[in-house]
Amino acid sequence: MPRRFLMATYAASINRALQPSQEQLVDHRERCSADPDKLATIGCAVGQQVRIKRNNDEYGLYTVSEVRQENPDNVVRMGLTGRRRLGTDEEFDGVVDSQVVKTLRECDAKDQNEFTERLKDNGVQSELIAIAPHGGDIELHTDQQAERVASRLAAKAISSWRCKGWHAAGALDHWHITSTDINEASFPLLNSIISRGFRYAVAFHGFDNEPGILIGGTAPAALKREIRDAIAGATASSSFEVRIADPDEGFGGNDQRNIVNRLTARDQNGIQNGIQIEQSLPARSGHWPAIADAVAEVYGRRL
């Protein structure tokens, strides 16, 4: 049953994570814990995202990765790195908001340091979806790439889902949610397509760990090689390495919980056809259209 997107808030006391019992909060800047009954009053539950606000300028997204009974029940806990996302090392009074995304025009979202969700979809096609969960200023050019793939394959009516965030103090720090944590219950447009079961899904991402481009996901090796070779050809004038992620690589995108994998229907062999493309900033800045065009060409041959 589709979730009703209730927009509600409660006043909270943002406290330190408990050690050693909440070590996963201490080590993860995007996660928090909360009282389950208090969360329910705003229509949320464990595993979903919430918006936490410290003041008019400091607010961002968190995943409720753990629930625990609190006294008082408005206590929310996070580690030091989580509090620093909102500009402080200290505990503070804040507001927990169930509304993760705002319905705004892109220009208004930029002006207001906000986070929005976009979907291009005809309501029925299930061949391919291109996504960018971290668009806008979070991971530059990734949303443009998803949109470009959809535009290049417009005759096939493919879908694209993007989130876009801006913030003067750093969009990545305020709006990034790890792809394995993204919960459709917190994103109305994603929720509308999550159960369709696309034949293929491709996600565009940005990373800073390496200078090149990494092809991952749960899709078969043959598709990864095809995409790798197409991108390598499109960026041949550069010195970027384009490679396929190792099975246990941190940015490999092969976790079945990753949103790009969950958007796909399992094939007859039980395989999810999700592809994750991680790109360094130089690769995205200088070659984002060529990379998107190469990806569109690969899928265009398969659809």
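## Arg262 and its partner

Arg262 is partly exposed, with a relative accessible area of 27%, where partly exposed lies between buried (under 20%) and exposed (over 50%), for a 1.4 Å probe and protein chains only. Its side chain meets that of Glu184 in a salt bridge (3.0 Å, N to O), a term that denotes a side-chain nitrogen of Lys or Arg within 4 Å of a carboxyl oxygen of Asp or Glu. The pair links distant parts of the chain, 78 residues apart: Arg262 belongs to helix H9 (residues 259–262), and Glu184 to the loop between helix H6 (171–175) and helix H7 (188–191). Helices (H or I, at least four residues) and strands (E, at least two) are DSSP runs, numbered from the N terminus. Glu184 is buried, at 18%.

## Basis of the model

The model is predicted: local features need pLDDT of at least 70 and side-chain atom pairs pLDDT 80 or more, while totals for chains, interfaces and linings use all residues. Residues are numbered from 1 along each chain as its sequence is written, and side-chain values use heavy atoms, without hydrogens and water.

## Other salt bridges

The whole structure holds 24 salt bridges. One of them joins Glu90 and Arg16 (3.6 Å, N to O). Glu90 lies in the loop between helix H3 (80–84) and strand E6 (92–97), 74 residues from Arg16 in strand E1 (residues 9–16). Glu90 is partly exposed at 46% relative accessibility, as is Arg16 at 37%.

Arg228 forms a salt bridge with Asp229, with the closest N and O atoms 3.0 Å apart. Through shared partners, salt bridges also join Glu106, Asp143, Glu147, Arg162 and Lys164 into one network.
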